[in-house]
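Please open the structure in your viewer and keep the selection panel at hand.

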Amino acid sequence: MDAQTIIARRVAQELKSGNLVNLGIGIPTLVSNYVPAGLNVFFQSENGLIGTGPIPEQGLSHPLLTDAGGKPISALPGACTFDSAMSFGLIRGGHVDVTVLGGLQVDAGGHLANWTIPGKMVPGMGGAMDLVSGAKRVIVAMQHAAKGKSKIVVKCNLPLTSSRPVDLVVTDMAVIGFPGGKATLLETAPGISVAEVMAVTDAELVIPDNIPAMML
Amino acid sequence: MKAVSAEEAIAMIPNGATVMVGGFMGVGTPDRLLDELVRQQKSDLMLICNDAALPGKGIGKLIDAALVSRMTASHIGLNPKVHQQMMANRIVVDLIPQGTLAERIRAGGCGLGGVLTQTGVGTSVEQGKQKIEVGGKTYLLETALHADFALVHAFLADYSGNLSYALTARNFNPLMAMAADTVIVTTEHIVPTGVIAPDHVVTPGPLVDYLIANG
């Protein structure tokens, strides 16, 4: 199983029936592929839709129905559309149960940096700051390390997305939570030892006695 | 509401005007008006819009033609030409969280001085902004945005100027239709008054100044 699949499958297990969920671009988008059959989850697209469906068949797309990246999508029965003030009212107002976002860095206190690398990448924050500030539960889905460098850092040196800490980080190596405000190793990926996780984690991790492997 | 040609409507916009443009990655963007801005070479535009779309698409057409001097937006990452013009000091970009952008426009259209939001507290977005404590929580005061012109794209417009929108092409359009001195609308279809049921009207006709007539 490749890194992205491990992350997406594990994050999908966090979703509960009836949840309103917003997925960011990149790895988070893959999560919708692994929602267990029969689980009734609503996905929001922040350009104004609840009830996003799969990419339509060739020739059946509608130019006025797209995801937040402008790519054609479909809508499921029960879908609804709205303007951007409503869309972000849902997000900031705590009506979105779970958001899954990519990350550049998460630090020991759960703070996320994911929107800019000053001088290199200045794309704009889009909806990320509102999502982290307002969603009921924030899950970061990202690789544990990039080019051998840990993305779980002592303290973010990239600009923060929000002062509100995230709730869970799921990587290709581990699941990390923040009970009591401290980064804590909750699970390891299949075949990965606690020592291996610690070796590529810059932040100090709380290591409980029992750390199960992800059930994928 | 007056029906005019795109040429007549865009001729009213002076160089240097502040212009809101509806749409999200080019979806729900009033393309005929953007094409006409390019044809008439209206320059130094101060745009308020969600994103810069892609080169050759939506707002990207105005960037391609180097007609924009300032852009207030939430996302420019998919249009490398904006970066090039930023680096060359030809365009100033104010990046704003998307929900804050929507609420600042809504406030501008609703007679509010601004809104209080927790989004951006403790980040670079808070720089230079007033912080206000309400009920033990810290908020940023985000001031209202207003424009000289709003360029809006609807799905249906009736002879009275009532508008309805389709699917994800609604986005910022109804908010902007309230927040500018002059509102200019393109639409997929012009229909007789009454075709849009009163309950389905999203933007009331009196907000619309000019509707672009069928060519």
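Two strands are taken to pair if DSSP finds at least two bridges between them, and the elements themselves are DSSP runs numbered from the N terminus, with helices being H or I runs of at least four residues and strands being E runs of at least two. This is a predicted model, in which local features need pLDDT of at least 70 and side-chain atom pairs count only at pLDDT 80 or more, while totals for chains, interfaces and linings use all residues. Residues are numbered from 1 along each chain as its sequence is written, and chains are lettered from A in the order in which they are written.

Select β6 and β8 (residues 137-143) of chain B, which pair in the antiparallel sense over four bridges; one place to look is B:Thr117, whose bridge partner in β8(B) is B:Leu140.

Now widen the selection to the open sheet of three strands, which has the order β6-β8-β7 in chain B with antiparallel pairing. Its edge strands, each pairing on one side only, are β6 (114-117) and β7 (131-134) of chain B, and the twist averages 35 degrees from one strand to the next. Angles run from 0 to 180 degrees between N-to-C directions, along axes fitted to C-alpha atoms, for helices over the stretch in contact.

Contact here requires C-beta atoms, placed from the backbone, to lie within 7 Å.

Finally, select the contact between the chains, which takes 32 residues from chain A and 35 residues from chain B. On the side of chain A that touches chain B, α3 (84-92) and α4 (128-134) of chain A each supply at least two residues, and the largest share, five residues, comes from α3(A).

How values were computed. Two residues are in contact if their C-beta atoms, placed from the backbone, lie within 7 Å.
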